[in-house]
Amino acid sequence: MMSTVLTLTFNPALDQTITLDRLQPGTVHRASAVHTNAGGKGINVASCLADWGVPVAATGILGRANAQPFEALFADKGIADHCVRVDGETRVNIKIADQSNADTTDINLPGLVLGETVLGAVREQVRETVIGLLQDYPADSAPLVVAAGSVPQGMDPAVYASVGAEIRRFGGRLILDTSGVPLSAALAAPERTLPLCIKPNRAELEQWAATPLDTLEAILTAARRLNRRGIALVVVSLGAEGAVYVSSSLAIRAALPVVRPLSTVGAGDAMVAGLTAALWEDANPETLPGLERIARLSTAFAVGKLERLGPNLPPRATIEALAATVAIEVCA
């Protein structure tokens with residue numbers, strides 16, 4: 001099996017991580033290190049998948065003025081570049097890594113501001129790219145598409161719902177990782193357009209459920225509502241508490257003690273890459289071994305990435321060793 005995973009990133013970013021010994025608001029700081037990486041949620045997913053050895057292609061929107069770091073990443077990791085270029089610069093996201101408490105403060109700058117006509121043209125170009133790639137797959141395949149992140153200012157927030165419909169029409173399986181209005185719009189779409197898998201955190205699931213989710217039972221109830229709507233796998237990330245994986249017939253909780261992280265930037269994206277890699281390996285979320293493989297690999301990807309700057313994984317043997325030590329709890 002050598003099918004290519006396609007990632008879709010409408011609003012990528014250059015992630016500039018500034019490392020400080022201690023962050024003290026209102027004072028002058030001297031950074032101990034500064035690193036800039038081509039990023040954005042779908043780009044990070046593609047990068048981690050490539051590290052794992054999964055064939056991957058990336059599409060989305062890049063500003064021509066600073067596309068070089070993305071092009072270098074794609075060339076270095078063998079990621080097929082199908083991104084649409086537009087005039088202007090891709091946004092920069094500033095990540096302040098506080099070494100004193102192993103915490104990261106994010107400052108996400110505005111993205112590309114495109115006129116309605118340009119946005120419409122770019123949206124159509126991306127759509128044609130996705131369709132063109134999906135049409136190249138054998139008729140009996142079910143290619144994986146990961147759509148992740150926010151959308152540019154002015155773009156219809158329901159874009160993931162419409163893209164999802166196209167992906168489903170051509171036999172693709174959509175993994176969606178977004179938040180806010182784009183997530184709400186995607187989850188409100190007709191059943192035939194819903195993604196295969198979503199990965200909200202607790203707060204994002206609470207927003208959709210319109211109720212606090214303070215207990216594991218409440219989280220499972222909300223996730224199972226989405227299963228009944230037609231989403232086969234709901235993964236709810238709980239930060240240091242691990243994550244809950246809920247399919248239509250099973251639910252498990254997975255956790256792994258986290259060593260002191262070098263950078264938390266992109267850990268959630270690494271988790272998405274891990275569950276995508278497991279699905280690419282044909283792990284079936286409706287069986288306990290399959291759901292365990294998804295949970296173990298996605299948890300190991302996330303924890304392993306914490307020890308690396310940028311969207312990069314440690315060696316495969318390290319990830320498999322971490323996966324073997326993930327604590328699994330079968331939920332009622």
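Visitor: Is Thr59 buried or exposed, and what is its relative accessible area?

Guide: In this predicted model, Thr59 has a relative accessible area of 0%, and is therefore buried, since the cut-off for that word is under 20%. Thr59 belongs to strand E4, which runs over residues 56–63.

Visitor: Which residues are in contact with Thr59, once its neighbours within four places in sequence are left aside?

Guide: With those neighbours left aside, the contacts of Thr59 are Leu6, Thr7, Leu8, Thr9, His82, Cys83, Val126, Thr129 and Val130. For His82 there is also a polar detail to read, as its backbone oxygen lies 2.9 Å from a polar atom of the Thr59 side chain.

Visitor: Where is Ser247, and which residues does it contact beyond its neighbours within four places in sequence?

Guide: Ser247 is placed in strand E13, residues 243–247, and with a relative accessibility of 1% it counts as buried. Apart from neighbours within four places in sequence, Ser247 is in contact with Asn227, Ala232, Leu233, Pro285, Glu286 and Leu291.

Visitor: How should I read Val34, and what does it touch?

Guide: Val34, in strand E3 (residues 33–39), has 48% relative accessibility and so counts as partly exposed. If residues up to four places away in sequence are not counted, Val34 touches Gln16, Thr17 and Ile18. As for a separation in sequence and in space, Val34 and Asn201 are 167 residues apart in the chain, and their C-alpha atoms are 28 Å apart.

Visitor: Turning to helices, how is the packing of H1 and H2 described, and at what angle do they cross?

Guide: In general, two packed helices are described by the angle between their axes and by the distance between those axes. Here the axes of helix H1 (residues 41–52) and helix H2 (residues 68–77) come within 10 Å and cross at roughly 20°. Angles under 35 degrees count as roughly parallel, and H1 and H2 are therefore roughly parallel to each other. The crossing in which H1 passes H2 is left-handed.

Visitor: Which residues of H1 and H2 meet?

Guide: From H1 come Ile43, Ser47, Ala50 and Asp51, which meet Phe70, Leu73, Phe74 and Lys77 of H2. By class, the residues of this contact of H1 with H2 divide into 5 nonpolar, 1 polar and 2 charged.

Visitor: At what angle do H6 and H7 pack, and which residues make the contact?

Guide: Helix H6 (residues 202–209) and H7 pack at about 65°, and their axes are 11 Å apart. The crossing of H6 and H7 is left-handed. On the H6 side the contact is made by Arg202, Leu205, Trp208 and Ala209, and on the H7 side by Ile219, Ala222, Ala223, Arg225 and Leu226. The contact of H6 with H7 has 7 nonpolar and 2 charged residues, with no polar ones.

Visitor: Where does Arg228 lie, and is it buried or exposed?

Guide: Arg228 lies in helix H7, residues 216–229, and is exposed, with a relative accessible area of 63%.

Visitor: Which residues of helix H4 are buried, and what do they pack against?

Guide: An α-helix has 3.6 residues a turn, so residues three or four places apart point the same way. In H4 (residues 159–169), the buried residues are Val159, Tyr160, Ala161, Val163, Gly164, Glu166 and Ile167. The buried residues of H4 pack against strands E1 (5–9), E9 (144–148) and E10 (173–177), and against helices H3 (116–135) and H5 (180–187). Just after H4 comes Gly171, with a positive phi of about 80°.

Visitor: Which residues have a positive phi although they are not glycines, and where do they lie?

Guide: Most residues other than glycine have a negative phi. Ala210, which is not a glycine, has a positive phi of about 60°. Ala210 is found in the loop between H6 and H7, and is exposed, at 70% relative accessible area. Asp282, also not a glycine, has a positive phi of about 80°. Asp282 lies in the loop between helix H8 (267–280) and helix H9 (288–305), and with a relative accessible area of 56% it is exposed.

Terms used
Residues numbered from 1 in each chain as written. Heavy atoms only, no water. Axes fitted to C-alpha atoms, helices over the stretch in contact; angles between N-to-C directions. Helix = DSSP H or I, 4+ residues; strand = E, 2+ residues; numbered from the N terminus. Parallel < 35°, antiparallel > 145°, perpendicular 65-115°, else oblique. Left-handed = near helix turned anticlockwise from the far one by under 90°. Contact = heavy atoms within 4.5 Å. Nonpolar A, V, L, I, M, F, W, Y, C, P; charged D, E, K, R; others polar. Buried < 20%, exposed > 50% of the residue type's maximum accessible area, 1.4 Å probe, protein only. Polar contact = N/O pair within 3.5 Å; in protein donor to acceptor, adjacent residues only side chain to side chain.
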